[in-house]
Amino acid sequence: MTMIDFPAPSTGSDFAQLRQNVRDFLAQEMADHTPEMRARSWNGYDADFSRKVGEQGWIGMTFPKAYGGHERSPLERYVVMEEMLAAGAPVVAHWIADRQSGPLILAKGTEAQKREILPRIAAGTCTFCIGMSEPDSGSDLAATRTTATPQNGGFRVNGTKLWTTYAHKADYMILFCRTGKSEDRHGGMSQFLVDLKTTNGITIRPVIDMAGEHHFNEVILDEALLDKDALIGTLGGGWDQVMSELAFERSGPERFLSSFALIEQMIALVRLEATEQQEIEVGRLAAHLMVLRRMSRSVAGLLDRGENPLLQATIVKDLGAIYEQDVPRLARSLLSRPAQPGSADSYSAVLAHTVLTVPSFSLRGGTREILRGIIARGLGLR
């Protein structure tokens, strides 16, 4: 059986000054954000905020300077994102582009794609969504039915993508689809850069979540025409590319900090007059958080060394979702206050938002069943 290694995180600088700079920036920019607003965290859309983050040099941190980046390390980027998420900053306007779409274009895109797109991402003025999941297939990307058929020097695309977060506001979508037949279930796939503002044949329909909010969308591509230059990487090489992309999506601090606003509210109340049992449960919660943080930082270290930590990232995502989904259960077991959306009581408002949001945590970035299949293969169990 193969063991999956999580190397120790870097023992070098903790980037204390960078961390303090981010905290000072957030204290000023988020002074009027309520706890309920902070609970939205990486589902919070604020284009002006993202532009200001770009002005600080905190987007595209690992990109080369030739493409508008800052040539800083994945660990420095990790520090920035950890502080942003812990504070509940509204990062989604730049989040997807910075986390995975930009790195994909940097690794596999054409020179024209890099020079056109990457500087705008680094400036915090270019928003992306992910065109992977589909109706009736979900996280099983090998079941993708959307097709891109070569035609007249380009491609004609037909199909539907689901759970495309903020597609209704995005400038671009990275589309994963079939471009050919293959006996290999993972073959014949490719990725494309789709301009959502100018491409004809695209319809974006809202998907309203349990909280009554509009983050998700259904994107329908009906005879949509893409230029041949929209191809990212190699024709038919999409599966390996998307697997590398998912390592970025599954390993970051968002995999254990999505419920952090509730943790803060819960601890603030427990601290007033804690029982021994409450102290034990909060201690256990903190210990689990530190382990997840260490694992996640080790993945950033692997990325820093140029490795592809797909399996390690998958484990972080699975364990992180379990942790985050357990937070509201623990909060309810320790405190008797009700969950009330929009309540003047910060704890009740944050609890209500978290309760309605956590079911999605085991879906985004891959369902639990799909992830555990990947982990089992990595361990040689299937």
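This is a predicted model: local features need pLDDT of at least 70, side-chain atom pairs count only at pLDDT 80 or more; totals for chains, interfaces and linings use all residues.
Student: Where are the two helices, and how many degrees separate their axes at the crossing?

Tutor: Helix α5 covers residues 92-108 and helix α6 covers residues 111-122. Their axes come within 10 Å and cross at roughly 160 degrees. An angle over 145 degrees counts as roughly antiparallel, so α5 is roughly antiparallel to α6.

Student: Which residues of α5 and α6 make the contact?

Tutor: From α5 come Ala-97, Asp-98, Gly-102, Ile-105 and Leu-106. From α6 come Gln-113, Lys-114, Ile-117, Leu-118 and Ile-121. By class, the contact of α5 with α6 has 6 nonpolar, 2 polar and 2 charged residues.

Student: What do the axes of α9 and α10 do?

Tutor: Take the distance and the angle together. The axes of α9 (residues 260-270) and α10 come within 11 Å and cross at roughly 150 degrees. That angle makes α9 roughly antiparallel to α10. The crossing of α9 and α10 is left-handed.

Student: Which residues of α9 meet which residues of α10?

Tutor: On the α9 side they are Phe-260, Ile-263, Met-266, Ile-267 and Val-270. On the α10 side they are Gln-278, Val-282, Leu-285 and Leu-289. The residues of this contact divide into 8 nonpolar, 1 polar and no charged.

Student: Is Gln-278 buried or exposed?

Tutor: Read the relative accessible area against the cut-off. Buried means under 20%, and Gln-278 has 10%, so Gln-278 counts as buried. Gln-278 lies in helix α10, which runs over residues 276-304.

Student: What does Gln-278 touch, and what lies 2.9 Å from a polar atom of its side chain?

Tutor: Leaving out residues up to four places away in sequence, Gln-278 touches Val-270, Glu-273, Leu-334 and Leu-335. One of these, Val-270, is among the α9 residues that meet α10. The atom at 2.9 Å from a polar atom of the Gln-278 side chain is the backbone nitrogen of Thr-275.

Student: Where is Arg-19, and which side chain does it join in a polar contact?

Tutor: Arg-19 lies in helix α1, residues 16-29. Its side chain and that of Glu-82 are joined by a polar contact of 3.0 Å. At 15% relative accessibility, Arg-19 counts as buried.

Student: What is phi of Trp-163?

Tutor: Phi of Trp-163 is near 60 degrees, a positive value in a residue other than glycine. Trp-163 sits in the loop between β3 (154-162) and β4 (172-178). With a relative accessibility of 42%, Trp-163 counts as partly exposed.

Student: What is phi of Glu-223, and where is the place of Glu-223?

Tutor: Phi of Glu-223 is near 60 degrees, again a positive value in a residue other than glycine. Glu-223 is found in strand β7, residues 214-227. Its relative accessibility is 39%, so Glu-223 counts as partly exposed.

Technical notes: Residues are numbered from 1 along each chain as its sequence is written. Side-chain values use heavy atoms; hydrogens and water are left out. Helices (H or I, at least four residues) and strands (E, at least two) are DSSP runs, numbered from the N terminus. Buried means under 20% relative accessible area, exposed over 50%, partly exposed in between (1.4 Å probe, protein chains only). A polar contact is a pair of N or O atoms within 3.5 Å; within protein, one must be able to donate a hydrogen and the other to accept it, and residues adjacent in sequence count only if both atoms are side-chain atoms. Contact means heavy atoms within 4.5 Å. Axes are lines fitted to C-alpha atoms, for helices over the stretch in contact, and angles run from 0 to 180 degrees between N-to-C directions. Angles under 35 degrees count as roughly parallel, over 145 as roughly antiparallel, 65 to 115 as roughly perpendicular and the rest as oblique. A crossing is left-handed if the near helix is turned anticlockwise from the far one by less than a right angle, and right-handed if clockwise. Ala, Val, Leu, Ile, Met, Phe, Trp, Tyr, Cys and Pro count as nonpolar, Asp, Glu, Lys and Arg as charged, and the others, Gly among them, as polar.
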